[in-house]
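Visitor: Could you take me through the packing and the charged pairs of this chain, step by step?

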Amino acid sequence: VFTSLPDVKRTLMVLNGQLKLSHEGHHNAVLNPLEKDQFLGDWNTKSWGKVTDFNLMTKGDCIGKLNGYQFDEVQSLSIKSSEQNVFIHVREGNIKFGDSNMLTGESVLIKNNNDINLNINENSLIVVVEFS
(Lines give C-alpha, C1' and ligand atoms only; values in the text may rest on other atoms or scores of the structure.)
Protein backbone atom coordinates (compact mmCIF):
# COMPACT_ATOMS: atom_id res chain seq x y z
CA VAL A 1 0.00 0.00 0.00
CA PHE A 2 1.45 3.36 -1.03
CA THR A 3 1.82 6.16 1.49
CA SER A 4 -0.80 8.87 1.02
CA LEU A 5 0.82 12.05 -0.30
CA PRO A 6 -1.88 14.72 -0.64
CA ASP A 7 -1.30 17.44 -3.27
CA VAL A 8 1.45 15.39 -4.96
CA LYS A 9 1.36 14.38 -8.63
CA ARG A 10 3.26 11.15 -9.24
CA THR A 11 4.78 9.49 -12.26
CA LEU A 12 6.21 6.04 -11.57
CA MET A 13 8.42 4.30 -14.14
CA VAL A 14 9.64 0.71 -13.82
CA LEU A 15 13.36 0.24 -14.50
CA ASN A 16 13.37 -3.55 -14.19
CA GLY A 17 10.81 -6.18 -13.29
CA GLN A 18 7.04 -6.00 -13.65
CA LEU A 19 4.65 -4.07 -11.39
CA LYS A 20 0.88 -4.22 -11.10
CA LEU A 21 -0.77 -1.08 -9.74
CA SER A 22 -4.34 -0.66 -8.54
CA HIS A 23 -5.64 2.88 -7.97
CA GLU A 24 -8.95 2.30 -6.18
CA GLY A 25 -11.79 4.04 -8.01
CA HIS A 26 -9.51 5.21 -10.84
CA HIS A 27 -7.58 2.68 -12.96
CA ASN A 28 -5.24 -0.29 -12.91
CA ALA A 29 -1.92 -0.65 -14.70
CA VAL A 30 0.67 -3.33 -15.41
CA LEU A 31 4.11 -1.81 -15.98
CA ASN A 32 7.11 -3.41 -17.64
CA PRO A 33 10.57 -1.82 -17.94
CA LEU A 34 10.46 1.83 -19.07
CA GLU A 35 6.65 1.94 -18.87
CA LYS A 36 5.11 4.54 -16.57
CA ASP A 37 1.88 5.44 -14.85
CA GLN A 38 0.63 8.80 -13.58
CA PHE A 39 -1.55 9.21 -10.51
CA LEU A 40 -2.26 11.50 -7.59
CA GLY A 41 -0.54 10.92 -4.29
CA ASP A 42 -3.74 10.84 -2.26
CA TRP A 43 -5.26 7.98 -4.28
CA ASN A 44 -5.57 4.65 -2.49
CA THR A 45 -2.85 2.78 -4.41
CA LYS A 46 -1.66 -0.80 -4.00
CA SER A 47 1.10 -2.61 -5.88
CA TRP A 48 2.24 -6.16 -6.54
CA GLY A 49 5.60 -7.27 -7.86
CA LYS A 50 9.27 -6.81 -7.16
CA VAL A 51 10.83 -4.01 -9.21
CA THR A 52 13.33 -1.20 -9.28
CA ASP A 53 11.46 1.98 -10.13
CA PHE A 54 11.94 5.71 -10.48
CA ASN A 55 9.39 8.13 -9.06
CA LEU A 56 8.84 11.71 -10.14
CA MET A 57 6.81 13.60 -7.56
CA THR A 58 5.73 17.21 -8.06
CA LYS A 59 3.63 19.71 -6.14
CA GLY A 60 1.92 22.96 -6.97
CA ASP A 61 2.78 24.53 -10.30
CA CYS A 62 5.81 22.32 -10.90
CA ILE A 63 5.42 20.40 -14.14
CA GLY A 64 7.63 17.42 -14.91
CA LYS A 65 8.15 14.90 -17.68
CA LEU A 66 9.85 11.54 -17.06
CA ASN A 67 11.45 9.32 -19.73
CA GLY A 68 13.72 6.30 -19.68
CA TYR A 69 16.08 5.16 -22.42
CA GLN A 70 17.76 1.77 -22.91
CA PHE A 71 20.72 1.60 -25.29
CA ASP A 72 22.12 -1.69 -26.59
CA GLU A 73 24.70 -0.03 -28.83
CA VAL A 74 26.87 3.08 -28.87
CA GLN A 75 24.85 6.07 -30.03
CA SER A 76 24.00 9.72 -29.42
CA LEU A 77 20.94 11.26 -27.83
CA SER A 78 19.96 14.88 -28.30
CA ILE A 79 17.54 16.35 -25.75
CA LYS A 80 15.82 19.53 -26.84
CA SER A 81 13.87 20.62 -23.79
CA SER A 82 11.59 23.60 -23.39
CA GLU A 83 11.71 23.15 -19.60
CA GLN A 84 14.05 25.14 -17.32
CA ASN A 85 15.73 22.09 -15.79
CA VAL A 86 16.87 18.69 -17.01
CA PHE A 87 17.93 15.96 -14.57
CA ILE A 88 19.84 12.98 -16.00
CA HIS A 89 20.48 9.80 -13.99
CA VAL A 90 22.67 6.95 -15.27
CA ARG A 91 21.02 3.80 -13.93
CA GLU A 92 23.43 1.48 -15.77
CA GLY A 93 26.39 1.98 -18.09
CA ASN A 94 28.06 5.27 -18.87
CA ILE A 95 27.56 8.35 -20.95
CA LYS A 96 29.64 11.31 -22.03
CA PHE A 97 28.18 14.75 -21.47
CA GLY A 98 30.42 17.61 -22.61
CA ASP A 99 33.87 16.90 -21.22
CA SER A 100 32.55 14.68 -18.42
CA ASN A 101 31.95 10.95 -18.23
CA MET A 102 29.02 9.83 -16.10
CA LEU A 103 29.04 6.31 -14.67
CA THR A 104 26.42 4.01 -13.16
CA GLY A 105 24.65 5.72 -10.26
CA GLU A 106 25.73 9.25 -11.16
CA SER A 107 23.34 12.12 -11.87
CA VAL A 108 23.50 15.68 -13.12
CA LEU A 109 21.09 18.63 -12.98
CA ILE A 110 21.35 20.97 -15.94
CA LYS A 111 19.71 24.38 -15.56
CA ASN A 112 18.62 26.73 -18.32
CA ASN A 113 19.87 24.57 -21.18
CA ASN A 114 17.61 23.78 -24.12
CA ASP A 115 19.98 21.63 -26.17
CA ILE A 116 21.79 18.70 -24.52
CA ASN A 117 23.88 16.19 -26.44
CA LEU A 118 24.86 12.87 -24.90
CA ASN A 119 27.14 10.14 -26.22
CA ILE A 120 25.97 6.84 -24.79
CA ASN A 121 27.91 3.60 -24.54
CA GLU A 122 26.32 0.23 -25.14
CA ASN A 123 24.30 -1.46 -22.41
CA SER A 124 23.27 1.83 -20.79
CA LEU A 125 19.99 2.78 -19.13
CA ILE A 126 19.35 6.45 -18.38
CA VAL A 127 16.49 8.37 -16.81
CA VAL A 128 15.71 11.91 -17.99
CA VAL A 129 13.45 14.30 -16.05
CA GLU A 130 12.49 17.65 -17.56
CA PHE A 131 10.82 20.11 -15.21
CA SER A 132 10.11 23.73 -14.43
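Visitor: Which residues is Ile-88 in contact with, leaving aside its neighbours within four places in sequence?
Guide: This is a predicted model, and the contacts described here are computed from it. With those neighbours set aside, the residues in contact with Ile-88 are Ile-79, Ile-95, Met-102, Glu-106, Ser-107, Val-108, Ile-110, Ile-116, Leu-118, Val-127 and Val-128.

Visitor: Which elements give two or more residues to the largest nonpolar core?
Guide: The largest nonpolar core has 14 residues, and Ile-88, Ile-95, Leu-118 and Ile-126 are those with the most contacts inside it. The elements that contribute two or more residues to this core are strand 8 (75-80), strand 9 (85-92), strand 13 (115-120) and strand 14 (124-131).

Visitor: How many residues apart in sequence are the parts that the pair of Lys-65 and Glu-130 ties together?
Guide: The side chains of Lys-65 and Glu-130 meet in a salt bridge, at 3.9 Å from N to O. Because Lys-65 lies in strand 7 (residues 64-71) and Glu-130 in strand 14, the pair ties together parts whose separation in sequence is 65 residues.

Visitor: What is the relative accessible area of Lys-80?
Guide: Lys-80 and Asp-115 meet through their side chains in a salt bridge (3.2 Å, N to O), and this pair links strand 8 with strand 13, 35 residues apart. Asp-115 is partly exposed at 41%, whereas Lys-80 is exposed, with a relative accessible area of 62%.

Note on methods. Residues are numbered from 1 along each chain as its sequence is written. This is a predicted model: local features need pLDDT of at least 70, side-chain atom pairs count only at pLDDT 80 or more; totals for chains, interfaces and linings use all residues. Side-chain values use heavy atoms; hydrogens and water are left out. A nonpolar core is a set of buried Ala, Val, Leu, Ile, Met, Phe, Trp, Tyr and Cys residues joined through side-chain atoms within 4.5 Å. Buried means under 20% relative accessible area, exposed over 50%, partly exposed in between (1.4 Å probe, protein chains only). Helices (H or I, at least four residues) and strands (E, at least two) are DSSP runs, numbered from the N terminus. Contact means heavy atoms within 4.5 Å. A salt bridge is a side-chain nitrogen of Lys or Arg within 4 Å of a carboxyl oxygen of Asp or Glu.
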